[in-house]
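Student: I would like to go through the pockets of this protein, one at a time. Please show me the sequence and the model.

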Amino acid sequence: MQRRGFLKALAGAALVGPELYPAASGARETSGNAPVRIGLMLPYTGAYAQLGTNITNGFRLAMAERGQRLAGRGVEILTLDDESNPAKAPENAHRLVSRDKVDVLVGSVHSGVALGMARVVRETGTPWINPNAGAAEITGSLCAANVFRTSFSNWQTIYPLGQVLRARGHRSAVFLTWRYVAGEEAAAAFREGFEQAGGKVVKELYLTFPQTDFQALLTEIAALKPDAVGTFISGAGAIKFLKDYAAAGLRGRIPLYGSGFLTDGILDEVGDVAEGIETTLHYGDGIENKKNQAFRLAYAKTFKLQPDVYAVQGYDAGQLLALGVEAVQGAVGRRAELLSAMAKAKIDSPRGRLVFSSAHNPIQDIYLRKVVGRENRVIGVAHKALADPGRGCKMA
Ligand code: BEZ
């Protein structure tokens, strides 16, 4: 896959942009070997634009490694910029599924958008791979045979952080986040983990997504004087937050922690204000397995960038799809067989072995990471093989 091709596709991403790789050069397309149509519904503008781009890169790398073929069929990738806007999500998902007739839908980043997509795929039965959004309901009360997640539940990424804070001797904490599904779930999971370990969350502070005017909340933290601060903020917001935290004089006075989204994919842009911050996440730099080494090398060579957690999740969405399509020898219309193969998948992921719970959410190690220079260096495992409780999931 050529870098120019990626950039061209991303430049047109506000619209649905097709990108076609025929089955084989010179081969005549028939309905049986027509390309597999894949709809990538992701943010390419706004606070989560970088996350959407990195997921897309990871997904395309997985396709490129297979010569742009799945079980002998070409692939056609249609990209749509969802702008992290939940209000437009059902219409956008319908556009890909009903008008563009994609065989599989991949997306999104923002939990509110993903909840809108869930409604559409539950109606239409379209196979759906969610490569980021962590809303509990997706693999909880909205779980379904055609719904898969290659990322995490919000709960998984931050519940283990409470133990870490207690191990560092902190008894009280303030939690700061965005007011929307992912932030609220992260706040609840952090409280659960920290209070089970004997700590006390003295206050939760919220800002409307995607606002980044943190000043008033930082002043409140300074007045509350907790032992520590926990956060869920990511993407462009995380860059601003880390700089503001330091500028407010809180860095070095009140230790800052978070789910790893706080520091993933942004370290080149924040200088040293993130140095030493500890976070929990299902990926980190320096995980020593062959797959991770090969993935990081290929990603860096292709995109001239270092991969992050979002790139891994996009790559694994591609790996999961490939496994399903291969199991039905390209006949993606045999949905029940395709989905059953995906449910049983054991994927060699850069994060380590990836398997799915009965609700189709990853069961995975949650790493403890520490920012060292430009790395989110893995320094331990905060929780081994953590499964989301999948509350309310009744798989048909
Ligand atoms: C979410 O909305 O679920 C989400 C967004 C960015 C990073 C992690 C989670």
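**Pockets and their linings**

Tutor: Helix H2 (49-65) and helix H10 (290-303) each put at least two residues into the lining of the largest pocket. Keep in mind that the model is predicted.

Student: How much space lies in the largest pocket?

Tutor: The lining of this pocket is made up of 21 residues, and Gly265, Ile266, Asp268, Gln306 and Pro307 lie nearest its centre. The space in the largest pocket is about 430 Å³.

Student: How many residues of that lining are charged?

Tutor: The lining of the largest pocket has 6 nonpolar and 7 polar residues. Gly counts as polar in this division. The charged residues number 8.

Student: Which helix gives the most to the lining of the second largest pocket?

Tutor: The second largest pocket holds about 180 Å³ of space. Its lining includes Glu185, Ala188, Ala189 and Glu192. With 4 residues, the top contributor is helix H7 (residues 181-196).

Student: Where does the second largest pocket lie relative to domain 1 and domain 2?

Tutor: Among its lining residues are Ala136, Glu137 and Gly140, as well as Trp155. Domain 1 (3-152 + 288-360) and domain 2 (155-281 + 368-386) both contribute to this lining, so the second largest pocket lies between them.

Technical notes:
Residues are numbered from 1 along each chain as its sequence is written. This is a predicted model: local features need pLDDT of at least 70, side-chain atom pairs count only at pLDDT 80 or more; totals for chains, interfaces and linings use all residues. Side-chain values use heavy atoms; hydrogens and water are left out. On a 1 Å grid over the protein atoms alone, a cavity is a set of points where a 1.4 Å probe fits but cannot get out, and a pocket is an open set with protein on both sides within 12 Å along at least five of seven lines; lining residues have an atom within 4 Å of a point. Grid points are joined across faces, edges and corners, and a volume is the space filled by probe spheres set on the points. Domain bounds come from an automatic or database domain assignment.
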